[in-house]
Amino acid sequence: MNGDLILGIESSCDDTAVAVVDRGGQVLASGVARQDDIHARWGGVWPELASRAHVRAIIPAIDQAMKDASASPDRLAAIAVTRGPGLIGSLLVGLNAASALAIAWDVPVIGVNHLRGHLRSADLEGARVTFPATILLVSGGHTFLAHMADRRNVRVLGATRDDSVGEAYDKVARLMGMGFPGGPLIDRLAKEGRPVIDLPRPMIREGLEFSFSGLKSAVARTLERSPATDHADLAASFVDVVIDVLVTKCRRALDTVPGRSLVVVGGVAASPQLRHSMGELASDAGVELCLPPLKWSTDNGAMIALAGWDYLDAGIRPLPAATPRLPVTEM
Ligand code: KG4
Ligand code: ZN
């Protein structure tokens, strides 16, 4: 195989992200063109506006990443690009750019599963994950627990039946008239409040599945019934419930299917409260905690590039075709 670098392109939702990564997971260049300002007024991602913003951002982002990495196309072993899951219009922008460049530069193109990217994000800029691993993926689009025997084999232990955790953060932020994405805003507000408001802890007593839509509705009801409710206390109570549910389920997963490490990835893994609580759980349970550095928790091109190396090693090269629904069990 020629080339010592992979160009990773991610455009599955609202971030246009591009990075250049070597085989060891070192990131030579990475850029993310965010769309927060575009979506803030809606409190969520507006698909058509997201696609248009990707169209504007994608070529300059690729150009910049290649320049920042001082990389010429002949150093690329492949271009790895997210093929799904995600918004079809957003996916198509990254996939078309990657496919065109692959022809122009005569480089292989690999359609990568976005979720596989998140799973590998904890090994960026330093290998951390030891297998077998218990994984909690908490993002805007997904929430599940999985067991990984090795880099390739993923078994889902339990997923959300309705909303993802990130969605719950975003919806609660919207209910309180805050911006988007809601996660970091809620985290900050929660630090100023006390968890004194009683909210349901959905499905906490049993199993490894999750449900967060009832929690979101409970926050909405609280605000309807008592409009004067202190927002900081409500945010603190919401975060307290979310962390309690996630930690309880992770503990149960570690008891059910023992592993050597606990890996927490996805946008919500940027939450300082969650990182802290997972640290306590891991030391209690005697497993290693593997967290991606903060900047690799939310969507980025580097995780797609790193996953791309796994595909190359396994000789798997999915077509760069948009696949809006794609389970994590598939490469
Ligand atoms: O992984 P990600 O960047 O995109 C998806 O693949 O969905 O995750 C985005 C989600 C959003 O819902 C956002 O509110 C949440 O991650 N998020 C956070 C934090 N930073 C981002 N949630 C809690 N605390 C944070 N600091
Ligand atoms: Zn993501």
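Guide: Donors are N, O and S atoms within 2.8 Å of the metal (3.2 Å for Na, K and Ca); water is not among the atoms, so sites may look incomplete.

Visitor: Which residues coordinate the zinc ion (ligand 2)?

Guide: H114 and H118 each through NE2, and D299 through OD, at 2.0 to 2.1 Å. This is a predicted model, where local features need pLDDT of at least 70, side-chain atom pairs count only at pLDDT 80 or more, and totals for chains, interfaces and linings use all residues. Numbering starts from 1 along each chain, chains are lettered from A and ligands numbered from 1 as written, and side-chain values use heavy atoms, without hydrogens and water.

Visitor: What spacing do the donors follow?

Guide: Along the chain it reads H-x3-H-x180-D. H118 lies in helix α4 (residues 114–120) and D299 in the loop between β10 and α10 (301–314), 181 residues apart, so the pair links distant parts of the chain (helices, H or I, at least four residues, and strands, E, at least two, are DSSP runs numbered from the N terminus).

Visitor: Now β9. How many of its residues are buried?

Guide: Five of five, in residues 261–265. S261, V263 and V265 point one way, L262 and V264 the other.

Visitor: What does V263 stand opposite?

Guide: C290 in β10.

Conventions: Buried < 20%, exposed > 50% of the residue type's maximum accessible area, 1.4 Å probe, protein only. Pairing = 2+ DSSP bridges.
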